[in-house]
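Dear colleague,

I am handing over the structure below, and after it you will find an account of what turned up when I went through it. Please read the two side by side.

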Amino acid sequence: MTEKEKMLAGELYFSGDKELVDERVKAKKLCADYNSTVYNDYMKRDRVLTKLLGGKGENTVIEYNFFCDYGYNIKVGDNFYSNHNCVIIDCAPVTFGNNVFIGPNCGFYTAGHPLGATARNSGLEYAEPITVGNDVWIGGNVCVMPGVKIGDNVVIGGGSVVVKDIPSGSVAVGNPCRVIKKVPKSDIPDAIVDIRDIMDAESEKKDKSKKK
């Protein structure tokens, strides 16, 4: 097996392998090109992301600065939004579903290293995939660690360190990140209706007070 094949298979591999180094250089150049593009040159931004990422859906927005290792291991669904300073160490696949919102200064790290110093210092490492489901909101300054799976309809509180899987329909927060409650069942249209009802009620109260 080549070192790249070992990497993608989740086995120990040598990160200084020439093929892998060349691929990282290519990705870093594309990241630099993307981050230096005029902000409202949306066509160029889209072209660079298409070259960099392994796949992306419609309406992909990634704010500057964005960094990754290989790019081709990253796949994002429709309506993907990442705020500033997102770092994805994609030595293994990192997959995002549809309607994923990511706050600023977040990191997704698939890479792991041997606990023994001798093996670690030799350049050996391994990688485990990260999966994020649909309809997920990840707050700012969140770290998602190797091998984690985040389900659908999940909210991760800011500053969390996610080291274990988070089930669908959960609100989770903390270091280590833990589920603290379920996501409310009411959807956005219901919430909008509720807000409008409150605003209408307040408006009626003001009208009645003026008439008095």
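Contact, as the word is used here, means heavy atoms within 4.5 Å. On that basis, among the contacts in the protein chain with a separation of 6 or more, residues 24 or more positions apart account for 26%. Please keep in mind throughout that this is a predicted model, and that the values below were computed from it.

As for the overall make-up, the protein chain has 5 helices and 20 strands, and of its 212 residues, 38% are buried.

The second largest pocket

The second largest pocket holds about 150 Å³ of space, and its lining consists of Y34, Y42, R45, D46, L49, K56, G57, E58, N59, T60, V61 and I62. Sorted by class, that lining has 5 nonpolar, 3 polar and 4 charged residues. Which elements supply at least two residues each of the lining of the second largest pocket? They are α3, which covers 42–52, and β3, which covers 60–62, and it is α3 that gives the largest share of the lining, with 4 residues.

Helix α3 also holds T50, a residue that counts as partly exposed because its relative accessibility is 48%. A polar atom of the T50 side chain lies 2.8 Å from the backbone oxygen of D46, and D46 is itself one of the residues that line the second largest pocket. The C-alpha atoms of T50 and G71 are separated by 9.8 Å, with the two residues 21 apart along the chain.

S15 sits in the loop between β1 (13–14) and α2 (18–35), and it counts as buried because its relative accessibility, 15%, is under the 20% cut-off. Its side chain reaches the backbone oxygen of G123 at 3.1 Å.

Not counting residues up to four places away in sequence, E23 touches K4, D69, Y70 and Y72.

Cysteines

How many disulfides does a search of the whole structure find? The search finds 0. A disulfide is a covalent bond between the sulfur atoms of two cysteines. For C31, the closest cysteine sulfur belongs to C68 and is 3.8 Å away, which is too far for a bond because the cut-off requires the two sulfur atoms to be within 2.5 Å. C31 is buried, with a relative accessible area of 2%, and C91 is buried as well, with a relative accessible area of 2%.

Backbone geometry to check

Most residues other than glycine have a negative phi, and most peptide bonds are trans.

- The peptide bond that runs from Y64 to N65 is cis, with omega near -10°, and N65 has its place in the loop between β3 and β4 (66–68).
- N175 and P176 are joined by a cis peptide bond whose omega is about 0°, with P176 found in the loop between β19 (170–173) and β20 (178–182).
- N79, a residue other than glycine, has a positive phi near 55°; N79 lies in the loop between β5 (74–76) and β6 (80–82) and is partly exposed, with a relative accessible area of 30%.
- N141 is not a glycine either, yet its phi is positive at about 60°; the place of N141 is in the loop between β14 (136–138) and β15 (143–144), where N141 is partly exposed, with a relative accessible area of 47%.

With kind regards

Technical notes
Residues numbered from 1 in each chain as written. Predicted model: local features only at pLDDT ≥ 70, side-chain atom pairs only at ≥ 80, totals over all residues. Heavy atoms only, no water. 1 Å grid on protein atoms, 1.4 Å probe; cavity = no way out; pocket = protein on both sides within 12 Å on 5 of 7 lines; lining within 4 Å. Points joined across faces, edges and corners; volume = space filled by probe spheres on them. Nonpolar A, V, L, I, M, F, W, Y, C, P; charged D, E, K, R; others polar. Buried < 20%, exposed > 50% of the residue type's maximum accessible area, 1.4 Å probe, protein only. Polar contact = N/O pair within 3.5 Å; in protein donor to acceptor, adjacent residues only side chain to side chain.
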